Amino acid sequence: MSGQLDEQGRLRHFLTTEGLPREVLERILGTAESFSGVIEKSVKKVPLLRGRTIINLFFEPSTRTRTTFELAAKRLSADVLNINVATSATTKGESLLDMLQNLQAMQCDMFVVRHADSGAAHFIADHVSPHVSVVNAGDGRHAHPTQAMLDLYTIRRHKGDFESLRVAIVGDILHSRVARSQIHALNGVGAGEVRLIAPRTLLPRDIDRLGAHVYHDIDAGLRDVDVIIALRLQKERMQGALLPSEHEYYRLYGISRERLALAQPDAIVMHPGPINRGVEIESAVADCPQSVILDQVTNGIATRMAVMSMCLEHREDGTGGGA
Amino acid sequence: MKAIRVRGGRVIDPASGLDAVTDIHIANKQFVSIGAAPAGFIPDEDIDADGLVVCPGLVDLATHLREPGDTHKATIASEVQAAARGGITCLCPSPATDPVTDATAVVELITRRARQAHMTRVMPLGALTRGLQGQQLTEMAALRDAGCVAVSDGGRPVVNSLVLRRALEYAATQDLVTILTPQDPHLTAGAWMHEGWVSTRLGVAGIPVAAETAALARCLALVEETGARTHFARISSARGAAMIARAQRDGLPVTADVAAHQLFLSEMDVSGFNAQCHVLPPLRGEADRQALREAVAAGTIQAICSDHQPHDADAKAATLVASEPGISGLDSLLALTLRLVEDDIMDLSTALARVTCDAADVLGVQRGRITVGNPADLCLFAPAEPWWLRADTMASRGRNSPFLGWEFSARVHWTLLEGRILFRRDNGGCAG
């Protein structure tokens, strides 16, 4: 598997939060903090990546993630190209590898990739030329590391240190790249406890071995937690015998006001979006003062700026820092 | 026909238990004497086997030759040559060709192409059902008469239990062994690797062990019902091997094989999204791998096969889940089998038995034995000659192997089929 760190332990690519040293995770959060200042100014731009070209290569539809990556790149003064491949070449029979080589021939510096196949970002990182960085914007069910980092950043802004925190992730863990990246990242920064709350049909086998406590009873799982992260439940999960109905799911696992009361009084509620009101979360909870869902979106820009600049900052010579 | 003497090699015939330095004499395609030369025997060719192990030619129960259908990946001619270089003298191509090997015309095409190649003997497997669709029986008597040695589901399990029952009964009537792949298609669909904590980490949909055991349980119930001789292909799990052992203890007429790679790799080898390790059934857990090795040693699993699936480069130049499953296995079958001896899992004779006489016995063919009167199929290998599996020197056209770069001992020097030299390794160079 392609290494995401170079010999000096700096980011070459950003593919997964799994196995990343704590100091790298902390540095991403610290860098995001400094960029938060930038994007709150009236002139929201720094010249860090002037002259660099970043290609957003999205094989799956996305609005929020692609937009915040685009904004982040523009705030860093990079040139950005958006390519939506769902409607482009691979449907014409061009292979992923061919497409990559063509885009590379355009002398870009970074691919931001979203793809439906788990492992796609690693595959691309294995095949790009050495001066190109790859940032994973979501691959299958595997990883969505910038989402996890913006979530960590949001948690830290509201809660401070991670060591004392209990974090509950609720919902469709099985299909969630977000959950996997969150578990690795939270454990990486030494979070007090990570809880996963879901029926068995939505939990992958041996998920506890990633470092989490599994609950099937949401009331027990939410008790005294500091952070609640609800995951999106896709409608197609009702097919395939994973769940009987949205109604029953909401009754058993929906984040309602009553359930929110089981958590710490100052607990925050998060969601990677887009939310299904009345399915995974009660409307009133999504809009309550404890909800930080819109902060997450804002923080996504600073966090993605941090990751992009860290990957490219030491690549001045165009040959890259890694082997 | 040439008379051949194989002189001074360490002759190991697992079927008879022979393990001695001796001479072998071949005439009229057969072994005519082991030990002293028969009276008046004058060899046309004298093979110096000093320092070599002389064993029966290997019998491989599972190969995909890709012809007809996928000749951009490999051809019968290319792969029987590769098999000969690997010491394999008989092989069974899967009926999952395109068109499916469900009619005598296809069987004849395969055997004719194989004959023209003048290499390893090809013993086709006929399709159990037409088009491998699992609905209508094939003309098994005709397939048998055309040269099929068994009938098989070709890796596409028969879903309808009534059809499967009748297929077993009909095959047994034609005195054909039925080869079944125990995989529940619903538990396998849309998944690419063993379901366990590695698949959880990678976010890749997993195939549970129950895909194998649920299918095995159903098949075993039908074997019990029908008494039909049945062979289970590509067992991948500890629980699956235990079910086979129990069925054999209960007296059911069942045998089983395992793909060589299952004895050396596990889910951990997929952990970097390695498309070369994308196989079906999937590489399972470390405990499964150990149990499979023990089952081979105990003889619960009688045969080790290559499960040879050569691919073009594009088939694997994709993400794990978009890649095609399969390993090109002919080049490494003997070397991997003998590694089990190095790993102290079994002795040399037992290991060789699993790729010679025991595999032949699954089909009920008189192969894989060094016995007077038997076809003179031999493999001569140097037991301690190191070599490296490299893409540019692989004999198969398919270069897709997770074993590339592995160092092996046991290098094939000669391969003989029915007293004819298929392959000889000369100093440095090779001549087929």
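1. Helices and strands are DSSP runs numbered from the N terminus, a helix having at least four residues and a strand at least two. The model discussed here is predicted. In chain B, His278 (B:His278) sits in the loop that runs between β15 (254-259) and α9 (286-298).

2. B:His278 has a relative accessibility of 4%, and because the limit for buried is under 20%, the residue counts as buried. Its side chain is in polar contact with the side chain of B:Ser323, at 3.0 Å. Apart from neighbours within four places in sequence, the residues in contact with B:His278 include B:Trp192, B:Lys316, B:Leu320 and B:Glu324.

3. The loop between β15 and α9 of chain B also holds B:Pro281. The peptide bond leading from B:Leu280 into B:Pro281 is cis, with omega near -10°. Another cis peptide bond joins B:Asp98 to B:Pro99, with omega near 5°. B:Pro99 belongs to the loop between β7 (88-93) and α2 (104-117) of chain B.

4. Positive phi values deserve a check. B:Arg234, in the loop between β14 (230-232) and α8 (238-249) of chain B, has phi near 60° and is not a glycine. Its relative accessibility is 14%, so B:Arg234 counts as buried. B:Ala410 has a positive phi of about 70° and lies in the loop between β19 (407-408) and β20 (411-417) of chain B. B:Ala410 counts as buried because its relative accessibility is 5%.

5. The next point is the interface. Here 18 residues of chain B are in contact with 19 residues of chain A. The two chains bury about 1600 Å² between them, with 61% of it on carbon and sulfur atoms. Of the area that chain B buries against chain A, 36% comes from B:Trp197, B:Thr200 and B:Arg201, more than from any other three residues.

6. Two salt bridges are counted between chain B and chain A. B:Glu195 forms a salt bridge with A:Arg205, their closest N and O atoms lying 2.9 Å apart. The side of chain B that touches chain A is made up of 10 nonpolar, six polar and two charged residues.

7. The largest nonpolar core contains 180 residues, and A:Met308 and B:Phe232 have the most contacts inside it. Helix α11 (residues 293-312) of chain A contributes the most to this core, with 10 residues. Beyond its neighbours within four places in sequence, A:Met308 is in contact with residues including A:Leu49, A:Phe69, A:Met110 and A:Val112. A second, separate core of 21 residues has A:Leu100, A:Cys108, A:Val113 and A:Val132 among them.

Terms used:
Residues are numbered from 1 along each chain as its sequence is written. Chains are lettered from A and ligands numbered from 1 in the order in which they are written. This is a predicted model: local features need pLDDT of at least 70, side-chain atom pairs count only at pLDDT 80 or more; totals for chains, interfaces and linings use all residues. Side-chain values use heavy atoms; hydrogens and water are left out. A nonpolar core is a set of buried Ala, Val, Leu, Ile, Met, Phe, Trp, Tyr and Cys residues joined through side-chain atoms within 4.5 Å. Buried means under 20% relative accessible area, exposed over 50%, partly exposed in between (1.4 Å probe, protein chains only). Contact means heavy atoms within 4.5 Å. A polar contact is a pair of N or O atoms within 3.5 Å; within protein, one must be able to donate a hydrogen and the other to accept it, and residues adjacent in sequence count only if both atoms are side-chain atoms. Buried area is the accessible area (1.4 Å probe) that two parts lose on being put together, summed over both. A salt bridge is a side-chain nitrogen of Lys or Arg within 4 Å of a carboxyl oxygen of Asp or Glu. Ala, Val, Leu, Ile, Met, Phe, Trp, Tyr, Cys and Pro count as nonpolar, Asp, Glu, Lys and Arg as charged, and the others, Gly among them, as polar.
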